[in-house]
Amino acid sequence: MPKQFDLLVFDWDGTLMDSAGAIAFSIQAASRDVGLLVPSESEARHIIGLGLNEAIAALFPELPRSGYEALVERYRHYYLAQDTEIPLFSGAAETIAALHEEGFLLAVATGKGRGGLDRVLEQTGLGQYFHSSRCADECFSKPHPCMLLEIMDELGVPQAKTLMIGDTSHDLKMASNAGVSAIGVCYGAHPREGLLALSPLVCADDFGELSRWLSDHA
């Protein structure tokens, strides 16, 4: 049976790696350190997937750009202290390897910076399976379609044969803005209700369900 999609584009944090909690904690701790009003966990989770500057602007609209550096330094301090201990979701490594073996083109579109993505691709051993990637410090931040448009152009895959997979409304809005189909995963940063409102093909409750859907339908 012919594949429905040729290119599968994955978000990283909250989709392949179980890092949403660590990111939210690091945002809250960094905010406390620099004397800002500490966001709630749901507020901190909502900006996951955005570029770092865009995330700060969304959480702290009154903070001048001159205050970003101190906040970013404290955020990185807390996040990097946990970095090597943050796991992939159960089954993620095996699924990515299997999809690669089946002949799919695979890519990552992430709110991480390039240094952070390269580090985790090496740590997890998944770098060998991805044909392309785009990061928030290389493109316009999600939900702008830039990441997906550049990946599709690089790999020569049309919109109709591309599928975006992510755990946030930013991922699904980016897919819509790029004219591609999307899957939501409800085990990451954003709640199911918000993802369903953006009409993904499906909203997977755990990585096993996502893996099965891709095997049966992609």
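**Reading the model together**

A: Buried means under 20% relative accessible area, exposed over 50%, and partly exposed in between, with a 1.4 Å probe and protein chains only. Before we go on, note that this is a predicted model, where local features need pLDDT of at least 70, side-chain atom pairs count only at pLDDT 80 or more, and totals for chains, interfaces and linings use all residues. Residues are numbered from 1 along each chain as its sequence is written, and side-chain values use heavy atoms, leaving out hydrogens and water.

Q: Where does Y75 lie, and which residue forms an aromatic pair with Y75?

A: Rings of Phe, Tyr and Trp (its six-membered ring) pair if their centres lie within 6.5 Å; planes under 30 degrees apart count as stacked, over 60 as edge-to-face and the rest as tilted. Y75 pairs with Y79 in a stacked arrangement, with 6.0 Å from centre to centre and 15° between the planes. Both residues lie in helix α4, four residues apart, which is about one turn of the helix. Helices (H or I, at least four residues) and strands (E, at least two) are DSSP runs, numbered from the N terminus. Y79 is buried too, with a relative accessible area of 5%.

Q: How many aromatic pairs does a search of the whole structure find?

A: The search finds four aromatic pairs. One of them joins F25 and Y78: their ring centres are 6.0 Å apart and their planes stand at 85°, so this pair is edge-to-face. F25 lies in helix α1 and Y78 in helix α4, so the pair ties together parts that are 53 residues apart in sequence. F25 is partly exposed, at 43% relative accessibility. Elsewhere, ring pairs link F89, Y187 and F207 into a cluster.

Q: What sits over the ring of F104?

A: A charge sits over a ring if NZ of Lys or CZ of Arg is within 6 Å of the ring centre and within 35 degrees of the ring normal. Here the charged end of K3 is over the ring of F104, 5.4 Å from its centre.

Q: Which residues of helix α3 are buried?

A: The general idea comes first: an α-helix has 3.6 residues a turn, so residues three or four places apart point the same way. In helix α3 (residues 52-59), the buried residues are A55, I56 and L59. Seen down the axis, they fall within an arc of 100°, so they line one face of α3. The arc is that of the directions from the helix axis to the C-beta atoms. Their cover includes α1 (20-33), α2 (41-46) and α4 (68-82). A57, also in helix α3, is partly exposed, with a relative accessible area of 35%.

Q: Which residues are buried in helix α6, and what do they pack against?

A: In helix α6 (residues 114-124) they are G116, L117, V120 and L121. These cover an arc of only 130° around the axis, which puts them on the same side of α6. They pack against β2 (105-110) and β3 (132-135). After α6 comes G125, whose phi is positive, near 80°.

Q: How many disulfides does the structure hold?

A: A disulfide is a pair of cysteine sulfur atoms within 2.5 Å, and the structure holds one. C186 and C203 form it, with their sulfur atoms 2.0 Å apart. The torsion about the S-S bond is about 125°, so the disulfide is right-handed. C186 is in the loop between β5 (181-185) and α9 (192-196), while C203 is in strand β6 (residues 203-204), 17 residues apart. Both cysteines are buried.

Q: Is K142 buried or exposed, and what does its side chain touch?

A: K142 is buried, with a relative accessible area of 2%, and is placed in the loop between β3 and α7 (146-155). A polar contact is a pair of N or O atoms within 3.5 Å; within protein, one must be able to donate a hydrogen and the other to accept it, and residues adjacent in sequence count only if both atoms are side-chain atoms. The side chain of K142 makes such a contact with the side chain of D171 (2.6 Å). A polar atom of the K142 side chain also lies 2.9 Å from the backbone oxygen of A109.

Notes
Contact means heavy atoms within 4.5 Å.
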